[in-house]
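I opened a new notebook page for this protein chain.

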Amino acid sequence: MKEEKLTTLSSCHWGSKRLAAKILGISPETLKFWRKKRILIEGVHWVAISPTCVRYNLKLLEDWVANRATPHLHKATIEAYLQGRKVA
């Protein structure tokens, strides 16, 4: 299996559970737990590419962890992200 490089978040938007866990300093099982308990929002914090392939939004996950004590700040980041995804 090819080793994923740990990159800066500015150069990478979506990543595997292993890369996301490494960047956040948590276990891949914690990410899965957050996803299964719907703590993370599908289509925002993560997307299912296939039944066996999930990708995580690295920038939003980092923001979520940084702003857990101030959820309104993370909500504003999500809103800005969603606005940026809209196609005119």
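**Layout**

I read the elements from the N terminus and got the order β-α-α-β-β-α-α. That comes to 4 helices and 3 strands. Helices (H or I, at least four residues) and strands (E, at least two) are DSSP runs, numbered from the N terminus. I noted that this is a predicted model: local features need pLDDT of at least 70, side-chain atom pairs count only at pLDDT 80 or more, and totals for chains, interfaces and linings use all residues. Residues are numbered from 1 along each chain as its sequence is written, and side-chain values use heavy atoms, without hydrogens and water.

**Whole chain**

I looked up burial next. The chain has 88 residues, and 32% count as buried. Buried means under 20% relative accessible area, exposed over 50%, partly exposed in between (1.4 Å probe, protein chains only).

**Helix H4**

I checked the length of H4, residues 71–85. Its 15 residues at 1.5 Å each should span 21 Å, and its end C-alpha atoms are 21 Å apart, so the two agree. The expected span is 1.5 Å times one less than the number of residues.

Which residues of H4 are buried? I found His74, Ile78 and Tyr81. Seen down the axis, the buried residues fall within an arc of 60°, so they line one face of H4. The arc is taken from the directions from the helix axis to the C-beta atoms. An α-helix has 3.6 residues a turn, so residues three or four places apart point the same way.

The face turned away from the buried side carries the exposed His72, Lys75, Ala80 and Gln83.
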